[in-house]
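Biologist: I am new to this structure and would like to learn how to read it. Could you walk me through some features, one at a time?

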Protein chains: 2
Amino acid sequence: MCESNAYVYRDGKEEFLMDNVILLEPRNNKLYLRSLLGEEKLFNGVVKEIKFMDHKIILQEKSEEFMGGPY
Amino acid sequence: MCESNAYVYRDGKEEFLMDNVILLEPRNNKLYLRSLLGEEKLFNGVVKEIKFMDHKIILQEKSEEFMGGPY
């Protein structure tokens, strides 16, 4: 099984959003997430980073105007 | 291990881009991918869909103007 957990990067911290994410898909300028158990979320933001080996999806809200970061 | 394979959706087909992707990250309006073996690519496009259980990252080039699809 390779589902991942989704977090929202906010104020320098990763806040938990959803576990066991099996699908991530842009929909109408938002991000649609679906979990193994069928939970669904529409997140108003963008992907910041996905670390597949850590099973981590890190998202960021659009209001913070993420442009790819300074790194 | 949970690395995934990346494909580019083009003309209704999925064309192979990179295997064993361990990191996906937007950088300067492109998508940076890194593989388990250290291969790196900067792809001028967006995420179309990520199916974690299938280990599939499906990308789409920007020129096709992906708006979230009709589905």
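Modeller: Gladly! Let us start with a pair of charged side chains: A:E25 and A:R27 meet in a salt bridge, with 2.8 Å from N to O. Please keep in mind that this is a predicted model.

Biologist: What makes such a contact count as a salt bridge?

Modeller: The idea is a cut-off: a side-chain nitrogen of Lys or Arg has to be within 4 Å of a carboxyl oxygen of Asp or Glu. The contact of A:E25 with A:R27, at 2.8 Å, meets that rule.

Biologist: Is A:E25 buried or exposed?

Modeller: Buried means under 20% relative accessible area. A:E25 is buried because its relative accessible area is 4%.

Biologist: Which side chains meet B:R27 in a salt bridge?

Modeller: One to look at is B:E25, which B:R27 meets at 2.8 Å, N to O. With 4% relative accessibility, B:E25 counts as buried, while B:R27 is partly exposed at 25%. Salt bridges can also share partners, and A:R10, A:E15 and A:E61 are joined into one network in that way.

Biologist: How many salt bridges are there over all chains?

Modeller: The count over all chains comes to 10. Another one of them links the side chains of A:E39 and A:K41, at 3.8 Å from N to O. Here A:E39 is partly exposed, with 36% relative accessibility, and A:K41 is partly exposed too, with 28%.

Biologist: Let us turn to aromatic rings. How is a pair of them described?

Modeller: Two values describe a pair of aromatic rings: the distance of the centres and the angle of the planes. Over all chains, the search finds three aromatic pairs. One of them is formed by B:Y7 and B:F16, with 6.0 Å from centre to centre and 80° between the planes. Planes over 60 degrees apart count as edge-to-face, so this pair is edge-to-face. As for accessibility, B:Y7 counts as buried because its value is 18%.

Biologist: Now to the surface. Which residues form a nonpolar patch there?

Modeller: A:L36, A:L37 and B:M53 form one, and together they have about 310 Å² of accessible area. Take A:L37 as an example: its relative accessibility is 79%, so A:L37 counts as exposed.

Biologist: Where in chain A is A:L37 found?

Modeller: A:L37 is in the loop between β3, residues 30-35, and β4, residues 40-43.

Biologist: How many helices and strands are there in chain A?

Modeller: Chain A has zero helices and six strands. Read from the N terminus on, its elements run β-β-β-β-β-β. Chain A has 71 residues, of which 44% count as buried.

Biologist: And what does the predictor say about its own confidence?

Modeller: For chain A, the average pLDDT is 89, and 85% of the residues score at least 70. For the complex, the predictor gives an ipTM of 0.82 and a pTM of 0.84.

How values were computed
Residues numbered from 1 in each chain as written. Chains lettered and ligands numbered in written order. Heavy atoms only, no water. Patch = residues over 30% accessible without salt bridge, like charges linked within 9 Å, V, L, I, M, F, W, Y side chains within 5 Å. Areas by Shrake-Rupley, 256 points an atom, 1.4 Å probe, with all protein chains shown as cover. Helix = DSSP H or I, 4+ residues; strand = E, 2+ residues; numbered from the N terminus. Buried < 20%, exposed > 50% of the residue type's maximum accessible area, 1.4 Å probe, protein only. Phe/Tyr/Trp six-rings, centres within 6.5 Å; stacked < 30°, edge-to-face > 60°. pLDDT = per-residue confidence, 0-100.
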